[in-house]
Amino acid sequence: MQLYNYFRSSASYRVRIALALKGLDYDYLPVHLQKNEQLQESYAALSPARLVPLLKDGESYLHQSLAIIEYLDETHPEPALLPGDAVARARIRALALDVACEIHPLNNLRVLRYLVRDLKVTEDDKNRWYRHWVETGLEAVETQIARHPATGRFCHGDTPTLADCVLVPQIHNAQRFDCRLDHVPTVMRVFEACMALPAFAQTQPSACPDAA
């Protein structure tokens, strides 16, 4: 397998975590978003969306991080990232989507660039925008996790799931942008439990080959 990704991309980090949890080897192929390498025609020929991550497995090219992770879970079932019954799997997916659909789209690189370059938002206002949506979004995730009896060491139970693969990269980004996190103690407890595992720690942005 080959993974086209960028070290600071939280979507890419999600897939790196999933691959590590499953013990799968892959070639790390960096695509530098700040240098607009994702917009080059050679990359667009592989990924029409011009986004990362992109996973090549055999002759198949797969995009969108959650779809990639579910593909990995179906093709390499152990350890399961969507365990349990239908209700449990729906909860895990919902927690992942609380981050991937409600927080991340509002603060990814394309949106931040548009705010500054096209709408002429100041750097301070851009950062206020970022922190507002991350802090309020994580507050909703905190409530979902803290109030549910199935919450254990991780988002759902005592083994990492799809939800943890998505939550941890968002916390890394929140820390990088100095977001307030003291209002989400359960989220941070789960984050610390995840970061104690090699699959999360050894794939974090600072550990990537293109981080230099």
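Select Lys22 and Asp73. Their side chains meet in a salt bridge (2.7 Å, N to O); the term means a side-chain nitrogen of Lys or Arg within 4 Å of a carboxyl oxygen of Asp or Glu. Lys22 sits in the loop between H1 and strand S2 (27–30), and Asp73 in helix H3, 51 residues apart. Helices (H or I, at least four residues) and strands (E, at least two) are DSSP runs, numbered from the N terminus. Lys22 counts as buried at 9% relative accessibility, and Asp73 does too at 12%. Buried means under 20% relative accessible area, exposed over 50%, partly exposed in between (1.4 Å probe, protein chains only).

The model is predicted: local features need pLDDT of at least 70, side-chain atom pairs count only at pLDDT 80 or more, and totals for chains, interfaces and linings use all residues. Residues are numbered from 1 along each chain as its sequence is written, and side-chain values use heavy atoms, leaving out hydrogens and water.

Next, pick Glu70 and Arg93. This salt bridge has its closest N and O atoms 3.0 Å apart. Glu70 lies in helix H3 and Arg93 in helix H4, so the pair ties together parts 23 residues apart in sequence. Arg93 is partly exposed, at 32% relative accessibility.

Now try Arg50 and Glu41. Their side chains form a salt bridge too (3.1 Å, N to O). Arg50 is partly exposed at 27% relative accessibility, whereas Glu41 is exposed at 58%.

Finish with Ile171. Not counting residues up to four places away in sequence, Ile171 touches Leu138, Leu181, Val187, Met188 and Phe191; contact means heavy atoms within 4.5 Å.
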